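Trainee: I'd like to learn how to read a strand and its neighbours. Can we work through one together?

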Amino acid sequence: MRKHFGPLEVLRGVSLQVGRGEVVVIIGPSGSGKTTFLRCLNHLERIDGGRILINGHLIGYRQRADDRLVEASRRETAQRRSEIGFVFQSFNLFPHMTALMNVACGPLRVKKVSRSIGLQEAADLLVRVGLADKLEARPAHLSGGQQQRVAIARALAMKPTLMLFDEATSALDPEMVGEVLAVMRELAEGGMTMVVVTHEMGFAAEVADRVVMMDQGQIVEQGAPRQVFDAPAQPRTRDFLSKVL
Amino acid sequence: MTWLANLPVSYAVGLHFDWIFFWHALVRPNSSFLLGFATTIYISIIAMVLAILLGLFLALLRRSRLWPLRAFVGLYIWVVRGTPLLVQLVIVYDGFAALGLFSFNDVTVLGLDIQGVVQAGIVTLAANEAAYMAEIIRAGISSVAIGQSEAGLSLGMTPGQVMRRIVLPQAVRVIIPPLGNDFNAMMKSTSLLATIGVSELFLNAQEINSLTFRTFEIYSVAALYYLALTTLWTLVQSTIESRLQTQVGIQRPPTFRQRLIGVGWRPGSGRLRDSA
Ligand SMILES: Nc1ncnc2c1ncn2[C@@H]1O[C@H](COP(=O)(O)OP(=O)(O)OP(=O)(O)O)[C@@H](O)[C@H]1O
Ligand SMILES: [Mg+2]
């Protein structure tokens, strides 16, 4: 995958394969292109080269007979995105809806499930992330940690096959980080396929199947957490880890 | 206040103010005056509803991927906002007809007779206000954080669904205050329709004046009727606004009294953009 913003090359040929049920954690210094990479994965950003396949389907593009890629229709792109959950650093809950409607609106509006089933499933998900008593609360009345858990439930409501997390805990006060990581950990243990960008090295070491180190728009090194954290092969990885650990 | 000092004594003590006429006109207006008042109200409402719809259409057109459409909207807004409503009114009603382009004829809709002038008045007011509404709606849309759209898109909503379900409902909070102010102005602007002969509130006041020569009295009565309308609307508007604000759990907008007489009201002080 290649991506540039004007003259700035943000992704300089990033290639990654993620297996079903695998948890991949991406680490790397600020500005290395981690967020951009995730955003490209569900076509919130267009790419300038390469291709993205999820469950065998191209994201955001379609292949013409002569092998060239052209932008897919809005409907097709929306359909592809609905299979991918995205959790934002800044939650991005819908402030005009209750927690319950935040979670239910995807299934209700996109999948057109019946109202009773949509609301029931949304309530179940909120119970699962520990918010049984906040179904009718508006986002403005929830703490950061609670908002992020609603956001995770909202993404899960679409029954995605892949979950993307972009620094899901970076905007939280320290005492709320744990509750969100706990939800993510449970999800990983449940077999969800996840690509997680985080600065929480403890979480990465514990939960990741594979850790990917990015720097300056490239993958510098990847491997099992043990290997990357305890015996990094690349000086850039060593350098980065010595700063954050 | 030198002009006051120069007035003949009789004026200063109010001998020529006909209280009986004034009260009579105020509390027991004749039926054609009341009909004019009703005309003012319904023209305002219909024109505003049309202006909101057309304004929304223009605002969305302005976001089109096709530049000629965007350019057209820009041109429309530039021309409409840059020329006086009164001039637009005579162009639409008299000018178009004189040119042989289009003339408004009386029609009957659902058993109601709608005069050509009334149609022309509504169309012009709506077309004029739509230019302002387009800008207000555009500002409302761009006040909604981009992350909101991205969250909707990542759930698999189409851009249209995102606009309808996510962006516009939030933009409304920002749109309502200036929209309300514009509607207030619109109700007063309907008095310009008297110039093309729409029998609304002001034209009826003028007619009574020409028959009775109670100039000050009858125009005062007309002013009070406009004031009652705008006051009532201010009340409605603040109710709508506080509903919208409490809905997302943020600071209350200025109260009815504050906004009516301006006490304790600083521009923008009640308009918190975002709860987060
Ligand atoms: N929309 C944009 N327009 C222009 N430049 C951008 C845009 N988005 C990101 N960039 C630039 O691309 C580079 C990579 O940004 P990105 O957000 O992907 O980094 P990151 O690895 O997520 O960093 P962080 O750890 O700080 O979140 C940065 O130099 C950033 O300034
Ligand atoms: Mg980032």
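Trainee: Which residue stands opposite Val212(A) in β11(A)?

Mentor: Keep in mind that this is a predicted model. The residue opposite Val212(A) is Ile26(A). Strand β3 of chain A, residues 23-27, pairs with β11(A) in the parallel sense, over 4 bridges.

Trainee: And in which sense do β11(A) and strand β12 of chain A pair?

Mentor: Antiparallel, over 5 bridges, with β12 covering residues 218-223. On that side, Gly223(A) in β12(A) stands opposite Val211(A). The two strands form a hairpin with 2 residues between them, and Gln216(A) in the turn has a positive phi of about 50°.

Trainee: Which way do the side chains of β11(A) point?

Mentor: Here's the general idea: side chains in a regular strand alternate between the two faces of the sheet. In this case, Arg210(A), Val212(A) and Met214(A) point one way from β11(A), while Val211(A), Met213(A) and Asp215(A) point the other way.

Trainee: Why is β11 of chain A described as largely enclosed by the rest of the structure?

Mentor: Because 6 of the 6 residues in this strand, residues 210-215, are buried. Buried here means under 20% relative accessible area.

Trainee: Let's switch to chain B. Which residues make the nonpolar surface patch of about 510 Å²?

Mentor: Tyr42(B), Ile45(B), Ile46(B), Val49(B), Leu50(B) and Leu53(B) make that patch. Take Leu50(B), which sits in helix α4 of chain B, residues 31-61. Leu50(B) counts as partly exposed because its relative accessibility is 39%, and that class lies between the 20% and 50% cut-offs.

Key: Residues numbered from 1 in each chain as written. Chains lettered and ligands numbered in written order. Predicted model: local features only at pLDDT ≥ 70, side-chain atom pairs only at ≥ 80, totals over all residues. Heavy atoms only, no water. Patch = residues over 30% accessible without salt bridge, like charges linked within 9 Å, V, L, I, M, F, W, Y side chains within 5 Å. Areas by Shrake-Rupley, 256 points an atom, 1.4 Å probe, with all protein chains shown as cover. Salt bridge = Lys/Arg side-chain N within 4 Å of Asp/Glu carboxyl O. Buried < 20%, exposed > 50% of the residue type's maximum accessible area, 1.4 Å probe, protein only. Pairing = 2+ DSSP bridges.
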